[in-house]
Structures are given as C-alpha cells and as structure tokens.
Amino acid sequence: VSSIINAGDYNIYVGNDLLKRFDLLFANKNLSASEKIILVDENTRKHCLPFLLQQISSLQNTAVFELKCGEEGKSILTIESIWNQLSNSGADRNSVLINLGGGALCDAGAFAAATFMRGIGFINIPTTLLAMVDASVGGKNGINFEGIKNRIGTFTNPLAVFTAPIFLETLSEDEMRNGFAEVIKHALISDKEKWNEVKQTDVHFKNVDWENIITESVSLKNKIVQSDFRDYSLRKALNFGHTIGHALESFSMKHYSSPLKHGEAVAVGMIAETWLSEKLCSFPREDAMEIYSFINKTFPKRISFNATEVIELMKGDKKNAERKINFSLLKSIGEPVLDILPMEDLINNALEFISEQFNSVANPI
Ligand SMILES: NC(=O)c1ccc[n+]([C@@H]2O[C@H](COP(=O)([O-])OP(=O)(O)OC[C@H]3O[C@@H](n4cnc5c(N)ncnc54)[C@H](O)[C@@H]3O)[C@@H](O)[C@H]2O)c1
Ligand SMILES: [Zn+2]
C-alpha cells in the first residue's frame, strides 16, 4: 500500500507509483520552478535515473549533475561544485534541486540548496534503505569538515520526499543491512508491536514488504522528530545503540581495512545498550534475549576491539558533555529513558558482553 506521511510542512510519499505526484506538487505549491537540476552519483545515474525519468516525463530535459559517490561527496568541494553548477545554469530563488541518491548525496545536496541564495527548494528521492528510513525525515543535512562527520550543516526541510522501494532492487545485501539497523532501532524505541513485525524479517531480506516497513519506520521517526525538531530533548531516543555503535564504528575505521558499516556497528551497539538497559533500567530479560538473538543472526560481521580505546572514543564524542558518557536506554520496548550516565566499569562490562557474543558467532574478520 502506498502512503503519504505528513512531516510538518512537507510530505513523505512512499510507493513506487507516487512519483507520479511530482508534477502535482509543483502545481499545488504554486511553484514555477524556473530551473530544476537533478543530482546523481555514478550509481544512481545508472540504477535510478532511468526509472525517475520514465515516471516523470516533465523531467526528461532537466540538467543532471553528477557528484562523487558516498561519504567523500560530503565535502565543501562538492558543495562548491553544486553552487557553481547552479550559478552557471542561471538558477534563481525559484530553482529546485532534486537529490537522487543515498544519505550522503541527499545530505550534500540539501545543504547546498539550503545555503544557495539563502535557500532554494529541494526534493529528496532517497535510493538506499538508510536514506529512506533515516535521512528522509528530520530536516538535518550537512557535510564533513576537518575530518569530523556532519560538522557543518543546517536544519532545513525539503519541499517533499519521494520514496520508491523499487530502487532497493539494485542495492547490495550489505547496504540493505546498513539501513535495516535503523529500522530495528525505530521499532525498539517506539512500539512493541512494530518490533514483533520487524523481528520476522528474513536475514537475507527475501520477500520483504518494504513499502510497509519503510512507511512504519519513517512514521515512528517522524513522531519523535515532530516533538523535538532541533534535537534538544526527546530526539535523543534516536541515539539508542549509537553511543557504543559510533565508538565501534570509529574504532573499526581506524584499525580495519574493511571496517564495520554504520548499521553493523549500531546493531552491535544495540546489543550492548540492551544489556545496559537490563542492568540499569530493569529492561525485561525475555525481550533482551530476543533482541540479542535476532541481531546476532541478522548482523554476523564482527571485529575484535580494545575496550579501553573504545571507551576513550566515547568520551571524545561531541554528544558527551565533560567526557561523561551519555546513553539513551530502554525501560521496555517502546519506552526510552534518556540521559543515563553509567559507571565506566559497567560500560566496560557491556563491551565484554558483546566480545563474548562475538566469539560465539561464526565469521569474525
Ligand atoms: N540527514 C540525516 O538525518 C541522516 C540520517 C542518517 C544518515 N545520514 C547520512 O547518510 C550517509 C549514509 O547514507 P547511505 O548509506 O545511503 O550513503 P550513500 O549515499 O553513500 O550510499 C551508499 C552507496 O550506495 C550507492 N547507491 C545508492 N543508491 C543505490 C541504488 N539504488 N542501487 C545501487 N547503489 C546505490 C551509492 O552510490 C553509494 O555508493 C552518511 O553520510 C550519514 O551521515 C544522514
Ligand atoms: Zn544511525
């Protein structure tokens, strides 16, 4: 079933057929887009652009601008090249940028649009699972700067988001897993029933009703974001799994040639933080066991790590004031508890817990 999620001043359309609403959007908002520019990267030009042009015939002759793929594209150089492209093509305040790509491309495109001439309109068409369920809602955009992720950016909503699950067909299983961690997280922090659905998902993502999963996942995040757009309070629940997850991600980038992806690190982070939730928030044992077993089978990639170094990385994380390590944990599924500051010994035990689990899983790298 196709659906439309209201995210405040814009809509998120989920469904392969909903791209057809694109022209309607311009008519409704009285937008005379004097210029549209489509941003792609090498992969989305090949895999996604043809479908987009086939669905929206009015875009046939639109200029297409290609960025570098992935995280490397989130740099000030890329932003400059987008601004250049906009200037050279005579863009004005009515111009609209169409971002066709994963979270990295959408983050860069949205930032360039949010700043060009104090802000022109942009439309996100996410093409990875991560971008569909996570980056599509919340208004955050940005680039990396001086080696720090998302250092520069704004909170700016798009005119609309069009999510067509058909784009997932060309995505690798690895990339699917990367986004699926956030699907798990949204369910765990919001709703036991949704978790009961999510935990049925096949480990190789066969025969999954993505339209349904994406719609529910985005709706859950949307509810949280609407209550705290600028990320001062309730939005912290979205950090579940991320305090330990980010640190493991950084550790693995530093020490491994094939590091854990963000989602893989967050999945493991959710195991450790569920364990902390058991110890500190009376999270029910039975549910915890279920989470451990589902994540272990869905996310088999493991690394060995040095706990002291991982804890140091957590202390350096920008989200942690005065080197205290801040956690968003769970009292039960759907009931987040914010601003928990565990003793360092206990964090160490949580890391030990995942190390033990790692040793019992099949393929460590
Ligand atoms: N703004 C937000 O709220 C928010 C939320 C979560 C993540 N992010 C950001 O998102 C980024 C990660 O997102 P991502 O994993 O989507 O990154 P990405 O954009 O780098 O995409 C991953 C890879 O998949 C390729 N690809 C994209 N769509 C494809 C398709 N349909 N078929 C085949 N290949 C395809 C891309 O070319 C790229 O190589 C990070 O930079 C992160 O900071 C932002
Ligand atoms: Zn994340």
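Start at the zinc ion (ligand 2): in sequence, its donor residues are spaced E-x59-H-x19-H. Keep in mind that this model is predicted.

**Stop 1: the zinc ion.** Select E182, H242 and H262. These are the protein donors of the zinc ion (ligand 2), and they lie 2.0 to 2.1 Å from it. Zoom in on the atoms: E182 uses OE, while H242 and H262 each use NE2.

Now show the helices. E182 belongs to helix α7 (residues 173-190) and H262 to helix α11 (residues 262-281), so this pair ties together parts 80 residues apart in sequence. Are E182 and H262 buried or exposed? Both are buried.

**Stop 2: the second largest pocket.** Stay with α7, which also gives two or more residues to the lining of this pocket. So do α9 (210-227) and β11 (335-340). Which element gives the most? The answer is α9, with 4 residues.

To see the lining, select I189, S190, D191, L220, K223, I224, S227, L234, A237, G334, P336 and L338. Colour these residues by class: 7 are nonpolar, 3 polar and 2 charged. The pocket they line has a volume of about 190 Å³.

**Stop 3: N296.** Move to helix α12 (residues 285-298) and pick out N296. This residue has a relative accessible area of 17%. Buried means under 20%, so N296 counts as buried. What joins the side chains of N296 and R302? It is a polar contact of 2.5 Å.

Key:
Residues are numbered from 1 along each chain as its sequence is written. Chains are lettered from A and ligands numbered from 1 in the order in which they are written. This is a predicted model: local features need pLDDT of at least 70, side-chain atom pairs count only at pLDDT 80 or more; totals for chains, interfaces and linings use all residues. Side-chain values use heavy atoms; hydrogens and water are left out. Donors are N, O and S atoms within 2.8 Å of the metal (3.2 Å for Na, K and Ca); water is not among the atoms, so sites may look incomplete. Buried means under 20% relative accessible area, exposed over 50%, partly exposed in between (1.4 Å probe, protein chains only). A polar contact is a pair of N or O atoms within 3.5 Å; within protein, one must be able to donate a hydrogen and the other to accept it, and residues adjacent in sequence count only if both atoms are side-chain atoms. On a 1 Å grid over the protein atoms alone, a cavity is a set of points where a 1.4 Å probe fits but cannot get out, and a pocket is an open set with protein on both sides within 12 Å along at least five of seven lines; lining residues have an atom within 4 Å of a point. Grid points are joined across faces, edges and corners, and a volume is the space filled by probe spheres set on the points. Ala, Val, Leu, Ile, Met, Phe, Trp, Tyr, Cys and Pro count as nonpolar, Asp, Glu, Lys and Arg as charged, and the others, Gly among them, as polar.
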